[in-house]
Amino acid sequence: MIGQTLGSYTLRRELGRGGMGVVYEGVHALLGRSAAIKVLLPGMSRREEVVQRFFTEARAASAIKHPGIIEIYDFGFAPDGAAFIVMELLTGEALSARLERGRLAPSFALAVARQIAAALAVAHAAGIVHRDLKPDNVFLIPDAEVAIGERVKLLDVGIAKLLDQSDVVGDAPTGAVVTTTGAVMGTPYYMSPEQCRGAGAIDERADLYALGCILFEALCGRVPFLGAGAGEIIGAHLHVAPPAPRSLVPALAPEIEALVLRLLAKSPAARPASALAVVEELASLAKGASDRPASTDPMGATLLSTTGSGPVATATTLGASVGARATAPTRPTRRAALVAAAG
């Protein structure tokens, strides 16, 4: 499709592809502005209900005006009938790539979590639940106006509902949930117990659970639950208590541990009342968080508080970007998302 025009954008190069579609960089014909353009594969574009959900969620997400949520510019159909969506092209680094290099200093982790929660609060107020929040969908872009020097951008807000539980048919070896179309529903490392059960309504408290998983990983250097495959991890989300963060990082403040464990409560009712409540609590905790310089702690985990080396240009994901996960008690290795298309 390189060289073709979709809407007002000419496709310049491919950025990534996967089970649901292809992501391109496009350039606006008049403005010269670059954008990320996601084009659904023909099999997905032929499913009317999928396309309608795709566009409905795009409309909803485009109505959210918040610096922490990626901006959607346009959507429509290509000449061959493929559905596409146009959004801002970001330069920076996925949180997943940052975490590959080690756990974060507590104050930096709390600041990132606070920005995530603030963006979620706006999305939730608009009636949108992300449902696929994970480090691959959290992007860090340089911004001198932000205290930590980087601004969080949430990717795929509203688009995570493109596939529903009726599409799910099984597991991939890497732990990804696979659908009837072969597309990835999402990695189970950040799925709430209610999502793992696959029954009943999913509300904004599922996003708070995912935030708890992300904050646990940022602080401790590993996800709360590890396993050989999706089944083991899903079972742990449902039935196993998460390890206490201070059992992995003894120097962590008890108040921070308490918040993480409340976010990871099995029952939605036991989690914080809202994303806004989490924002306020994180702000309070940040005042008491003390950082050591980036160094190696007694556990051998490198503390990171500064921007990683080398900017990465990326688009949003079409679904989930999933790489191999190991069962060792360290953060499993996965490929950094240079633009991850679904599947």
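Trainee: Okay, which residue just after helix 6 takes a positive phi?

Mentor: That's Gly 221, with a phi of about 85°. Before we go on, this is a predicted model, where local features need pLDDT of at least 70, side-chain atom pairs count only at pLDDT 80 or more, and totals for chains, interfaces and linings use all residues. Residues are numbered from 1 along each chain as its sequence is written, and side-chain values use heavy atoms, with hydrogens and water left out.

Trainee: And helix 6 itself, how many of its residues are buried?

Mentor: 15 of the 16. Buried means under 20% relative accessible area, exposed over 50% and partly exposed in between, with a 1.4 Å probe and protein chains only. Helices are DSSP runs of H or I, at least four residues, and strands are runs of E, at least two, numbered from the N terminus.

Trainee: Switching topic: how do strand 1 and strand 2 pair?

Mentor: Antiparallel, over 2 bridges; pairing takes at least two DSSP bridges between the strands. Thr 5 has Thr 10 in strand 2 as its bridge partner. The two strands make a hairpin with 2 residues between them, and Gly 7 in the turn has a positive phi of about 65°.

Trainee: How many bridges join strand 2 to strand 3?

Mentor: 7, and those strands run antiparallel. Leu 11 stands opposite Gly 26 in strand 3.

Trainee: Last one: where does Ser 267 lie?

Mentor: In the loop between helix 9 (254-263) and helix 10 (275-288). Ser 267 counts as partly exposed because its relative accessibility is 37%. Its C-alpha atom is separated by 9.8 Å from that of Tyr 209, 58 residues apart along the chain.
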